[in-house]
Amino acid sequence: MSTSTPNLHTIVSLPDQSTAKLPKRHYINNEHGLLSWLLTGDHKRIAILYLISITFFFFIGGAFAGLIRLELLTPQSDLVAADTYNKFFTMHGIIMIFLFLVPSVPATLGNFLIPIMLGAKDLAFPKINLLSWYLYLAGGTLTLAALVLGGVDTGWTFTTPLSTHYLNTHVITAATAIFIAGFSSIFTGLNFIVTIHRMRAPGMTWFRMPLFVWSNYAASILMVLGTPVLAIAIVLVALERLVGIGVFDPAKGGDPLLFQHLFWFYSHPAVYIMILPGMGVISEVISTFSRKRVFGYTAVAFSSVAIALFGFFVWAHHMFIMGVSNYSALVFSLLTMLVAVPSAIKIFNWAFTLQKGSITFETPMLYAFGFMGLFTIGGLTGVFLGSLGMDIHLTETYFIVAHFHFVMVGGMLMAFLAGIHFWWPKMTGRMYPESLSKLAAVVTFIGFNLTFLPQFILGYLGMPRRYAAYPPEFQVLNVLSTAGATVLGVGYMLPLLYLGWSLKYGAIAGDNPWQATGLEWQIQSPPLTENFIEVPIVDYEAYDYEWLEKKQREQVTTVG
Amino acid sequence: MIASTNPAMHPHTHEAVDHAEHEHVALPQHRHHFETEEQQREAGSFGMWLFLLTEIMFFGGMFFAYLLYRNWYYPAFTVASNQLNVPEGAINTVILITSGFFMALGVWAAEVRKKGLLVIMLILTTVFGLAFLGVKADEYHEKYELHHIPGASFSTAMFTNPAAFGLKEEPLAPDMAQHTEIFFFLYFAMTGMHALHMIIGIVILFWLTWRAHRGEFSSGYVAPIENFGLYWHFVDIVWLFLFPLLYLINRHPLS
């Protein structure tokens with residue numbers, strides 16, 4: 001990690017700002033007017049539509065997180081009544097999972113980048129891509145409707161028979177919302193798989209694809225195979241509520257465990273739908289800012305597929321205390337441990353990529369470091385929870401809450417922000433302000449740890465999740481957690497502000513500010529609507545920095 | 001469309017080499033973001049297969065529930081299954097296979113560019129599809145009359161006291177008889193979801209027939225017909241699993 005010479009402390013190379021201009025024609029100014037956006041087939045514009053809508057829902061979900069933390073500031077349930085608190089965490093979960101985390105990286109960055117990374121003009125089915133955004137929007141609107149009408153208090157898991165027989169809130173509205181949003185996710189995944197199989201440019205072999213594409217491919221398999229099972233589970237819940245049948249009601253001979261099986265058959269793989277695309281972002285960022293090919297490219301590529309595959313065989317670890325047989329619990333515990341192997345392959349390979357690399361610390365890299373540390377903690381505590389004895393002690397406590405927030409927020413959200421900063425110059429043609437964004441990355445990291453580290457201790461000490469009140473001895477740690485959430489909130493507001501500012505005032509980024517090797521960096525920023533003027537022919541391996549240097553030398557000699 | 005500078009390297013544009021030789025006229029349905037029509041066709045068909053995979057997972061959830069409850073409540077499931085109308089189910093199976101046969105002929109007619117034949121085949125496919133739904137509606141009506149539709153009007157009287165209905169079966173204990181409601185719920189959920197797929201298919205068939213009538217599929221552009229054919233056959237196949245599972249297997253309690 002020798003950065004002794006001063007010119008090595010950054011790799012950012014921007015064009016001369018006094019003469020630089022955005023390209024005359026690009027996908028943003030290609031057409032004008034609201035309709036040209038609402039009826040677009042361009043994957044880049046749809047990505048922007050998604051980015052705006054998921055940001056909106058992120059802050060709504062975040063507001064509920066804030067309310068939850070405020071309520072937990074004191075041991076009594078004094079801010080809101082207990083059932084209102086139930087609605088808070090349910091809405092927080094539903095919005096964050098189905099409307100933010102699942103579409104976060106795939107629908108925004110994936111939509112924008114996958115065709116370009118493959119050298120294609122668009123995704124295979126542009127109209128289905130647009131349809132998927134409208135379905136997302138319909139799902140989001142229905143969720144908001146459920147919220148405005150009075151909310152849902154089943155928890156995001158819709159546990160039966162609680163959701164079918166005991167609650168009188170807007171379960172069917174919320175269930176329909178998730179059903180519709182699920183189809184949006186299926187169509188995104190389907191589009192990605194077909195595009196990756198059928199639309200690669202000449203020379204773009206499977207093992208020349210960026211790892212971002214591999215990880216989105218793996219996530220797409222999960223979307224396509226898992227989401228329909230959630231859909232049918234939700235349809236059955238809605239039918240049971242409407243008609244009063246006992247498919248899941250033990251009083252009528254139904255099996256509540258069946259619902260758990262169907263629900264977690266999707267919802268565990270969904271965790272990998274959320275994290276895999278983030279891992280893809282991290283591969284790109286770590287390679288670029290270490291100036292090295294990702295160590296063990298093939299292993300990292302296959303580990304994504306392995307996570308997707310194993311992800312389908314671990315769902316019952318959510319049900320250890322729900323009466324599954326000891327034998328199946330044992331098998332599922334073992335299979336759960338197996339997922340740690342491909343995850344560790346990724347972490348180790350990133351670490352080896354860093355080793356002896358020319359590391360620089362731009363904002364995306366700071367977020368990526370945050371991801372590596374926090375995801376490792378999140379992943380390892382997952383191994384704790386996968387072991388039967390520990391799980392019985394820790395399940396339904398704040399330990400679980402801390403664990404999945406380390407993976408989802410510490411992991412996925414960090415990766416999302418890394419990706420947004422990394423590709424911001426490509427999407428908008430302008431740089432974000434570097435020092436302010438570094439500050440935001442550090443604030444996020446501090447705020448995150450302050451929020452969720454205390455929750456590990458709280459959970460270990462036995463504080464149950466999903467309660468508005470708790471014994472007074474837990475107050476200190478809860479106050480720390482709430483204070484951390486405030487810092488975290490600031491950390492998330494900052495990018496919203498300075499990224500908005502940079503749209504107009506940011507420095508002109510040029511084609512390739514990071515000197516990165518991906519196809520997306522070899523075209524103008526922001527790209528043309530058709531991405532490439534002529535179909536690129538890929539004659540170099542992924543992350544080949546020598547190829548890039550050679551290409552740039554040749555350009556200099558031809559121009560000069 | 002910009003041609004690849006080196007088509008020989010392109011896995012999908014081996015056709016492109018021929019373009020220069022054969023004066024290929026681009027089809028109006030060719031979308032600009034595909035390099036070749038072949039690529040467009042392959043992508044469409046691949047996408048349809050993937051979609052069918054999601055459909056399998058969707059129906060799979062219900063088959064799983066059926067498997068579980070059939071295993072648990074075996075006596076209730078056999079007597080309830082006895083109440084299904086096997087002749088009508090069998091006739092429907094024949095109708096649906098016939099409909100699928102005409103669909104297959106339709107795909108062939110599109111491929112050999114026979115417009116009139118394609119339109120006739122699509123109409124026949126639709127007619128047999130509608131016939132299936134008609135028979136299904138009659139079966140549903142029968143269930144309604146027998147109070148076998150799950151919900152408030154559901155009655156287990158036929159299973160607790162079969163003699164009163166002229167049935168020779170052994171009466172079930174009331175709690176086991178209650179579980180026939182789960183059988184009928186799964187019956188309605190599975191056949192209803194299947195019928196919903198048929199209805200969607202028939203709407204698409206109307207649209208395709210109209211487009212075929214306008215001659216859209218008579219010049220070598222057959223992807224929509226082929227892909228819809230895949231969907232229609234898939235719906236057939238679902239029924240081919242539903243019919244034996246719900247109507248036929250082990251219709252009598254183990255003795």
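**Entry 1: a greasy patch**

I started with helix α15 (residues 434-461) of chain A, which gives the nonpolar surface patch its largest share, three residues. Helices here are DSSP runs of H or I, at least four residues, numbered from the N terminus. This is a predicted model, where local features need pLDDT of at least 70, side-chain atom pairs count only at pLDDT 80 or more, and totals for chains, interfaces and linings use all residues. Residues are numbered from 1 along each chain as its sequence is written, chains are lettered from A in the order in which they are written, and side-chain values use heavy atoms, without hydrogens and water.

I noted the patch members as Phe384(A), Met390(A), Ile457(A), Tyr460(A) and Leu461(A), making about 490 Å². To join such a patch, nonpolar side chains must lie within 5 Å, on residues with over 30% relative accessible area and no salt bridge. Phe384(A) sits in helix α12 (residues 363-386) of chain A. I found Phe384(A) partly exposed, at a relative accessible area of 40%; buried is under 20%, exposed over 50%, and partly exposed in between (1.4 Å probe, protein chains only).

**Entry 2: where A meets B**

I looked up the contacts next: 45 residues of chain A touch 41 residues of chain B, with contact meaning heavy atoms within 4.5 Å. The buried area is about 3700 Å², and carbon and sulfur atoms give 76% of that. That area is what two parts lose in accessible area (1.4 Å probe) on being put together, summed over both.

I get two salt bridges between the chains, a salt bridge being a side-chain nitrogen of Lys or Arg within 4 Å of a carboxyl oxygen of Asp or Glu. Glu35(B) pairs this way with Lys121(A), the closest N and O atoms being 3.3 Å apart. On the chain A side, α5, α7, α8 and α9 each give two or more residues. α8(A) gives the most, with 10 residues.

**Entry 3: salt bridges within a chain**

Lys44(A) and Asp42(A) form one at 3.1 Å, and both residues are buried.

Glu541(A) and Arg208(A) form another, also listed at 3.1 Å, N to O. This pair links loops 333 residues apart: Glu541(A) is between α16 and α17 of chain A, Arg208(A) between α7 and α8. I see Glu541(A) as partly exposed at 35%, while Arg208(A) is buried at 18%.

Arg41(B) is in helix α2 and Glu226(B) in helix α9, so the pair ties together parts 185 residues apart in sequence. Shared partners join Arg41(B), Glu111(B) and Glu226(B) into one network.

Terms used: Patch = residues over 30% accessible without salt bridge, like charges linked within 9 Å, V, L, I, M, F, W, Y side chains within 5 Å. Areas by Shrake-Rupley, 256 points an atom, 1.4 Å probe, with all protein chains shown as cover.
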